[in-house]
Amino acid sequence: MLDVEGTESVSLLGQRVAQTPLIGRADAEALAGEPARWEQVTDRRGAAVWQVSGPRGLWALKVGTGEGAATVARETAVLQQTHSLVPGLSYGGRARAGRGTGSAWLITPWFEGASTWTRFESVRQQHDEDRSSALAAAVDVCQAVGALHAAGWVHGDLQPHHTVHTSGAVVRFIDCTWASGPVLAPSHTFLGGLLHLMSPELMHRIEAGVRPVVTEPSDEVYALAAGLWWAATGTWHRDYAAAGVDPARFTAAVLRGLLLRNRLPHGHITHWPQFEEVLRPALEAPAKARPSAEQMARWMASL
């Protein structure tokens, strides 16, 4: 719960909406216009997100308290440094942010578009006749990641839920707290993102105690391929079941060690083997031979 800056219940269009934030609220309502409608979307790890809609537009307000304040402040710094570099982060030029006592807030446009995960829903359901939207999304997200890498940055927590496909085929990166680049070093509290999408090299650096954990573009290409595999199948690319491993039984540290000691087999995308063929080089080649995100985009465009 947000207890540093306080929250209050307000009446919106005849309904009572609990826990509307005080911090950042005036700025969000000025952007959205009155009457503003509030909807809390998430509340986890010390950071809560609201959708704020009004006659002037649709916005997202993220408020962090305690440890969450540092993550929101870092995401603000990322957007301030990157908004002029790549289209996927250009929305940072419209962002507003501020600090309170033990808290931080960030307002960004709310994107009306589907995540990569959503764009692959028909593929996961094995509707073979409807792959064109998913394939176009895969090409677009690979190109967006390629542009990010060309600018010298990595997202750090790349997964199909953190890329949103907006109008004009523009892919927006969200949840950018762990991004790093030429003018923003990796955070010492970052531990590599979603473990199931991590490259072996990244896991090795984490287990070796290297701090801060540096995500290289090659690590992110691995995560890109693993995330697209996940979006296409609903399962991880590593075939845990075939190896007799239940990943839910292990802590992150123990599972990383197990994956480093044992090369688990990869599964198959049986309902779309051509897509699997494009992803496999990024998942099986050593880091120096791994394709770039741009190369993956070209291969996918040729399917």
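R280 and E284 both sit in helix α9 (residues 273–284), four residues apart, or about one turn of the helix. Their side chains meet in a salt bridge, 2.5 Å from N to O. R280 is buried, with a relative accessible area of 16%. E284 is partly exposed, at 40% relative accessibility. This is a predicted model.

**Salt bridges**

How many salt bridges does a search of the whole structure find? It finds nine. Side chains of opposite charge can pair when their charged atoms come close.

| Pair | Closest N to O | Location |
|---|---|---|
| K62 and E75 | 2.8 Å | strand β5 and helix α2 |
| R256 and E207 | 2.7 Å | helix α8 and helix α6 |

The K62 and E75 pair links distant parts of the chain, 13 residues apart. Is K62 buried or exposed? K62 counts as buried, because its relative accessibility is 15% and buried means under 20%. E75 is buried too, with a relative accessible area of 5%. Salt bridges with shared partners join K62, E75 and D175 into one network.

R256 is buried, at 9% relative accessibility. E207 is partly exposed, at 36%.

**The sheet**

Five strands form an open sheet with antiparallel pairing. Their order is β3-β4-β5-β7-β6. Which strands stand at the edges? They are β3 (37–44) and β6 (96–100). Each has a single partner strand, so one side of each is left without a neighbour in the sheet. From one strand to the next, the twist averages 15°.

Inside this order, β4 (residues 47–54) and β5 (residues 57–65) run antiparallel and are joined by eight bridges. A48 stands opposite V63 in β5.

**Helices on the sheet**

Helix α1 (residues 25–32) packs on the sheet. Helix α1 touches β3, β4, β5, β6 and β7 (103–109). The direction of helix α1 makes about 170° with that of β5.

Helix α2 (residues 67–82) lies across β4, β5, β6 and β7. Helix α2 runs at about 40° to β7. The salt bridge between K62 and E75 also connects strand β5 with helix α2.

How values were computed
Residues are numbered from 1 along each chain as its sequence is written. This is a predicted model: local features need pLDDT of at least 70, side-chain atom pairs count only at pLDDT 80 or more; totals for chains, interfaces and linings use all residues. Side-chain values use heavy atoms; hydrogens and water are left out. Two strands pair if DSSP finds at least two bridges between them. Helices (H or I, at least four residues) and strands (E, at least two) are DSSP runs, numbered from the N terminus. Axes are lines fitted to C-alpha atoms, for helices over the stretch in contact, and angles run from 0 to 180 degrees between N-to-C directions. Contact means heavy atoms within 4.5 Å. A salt bridge is a side-chain nitrogen of Lys or Arg within 4 Å of a carboxyl oxygen of Asp or Glu. Buried means under 20% relative accessible area, exposed over 50%, partly exposed in between (1.4 Å probe, protein chains only).
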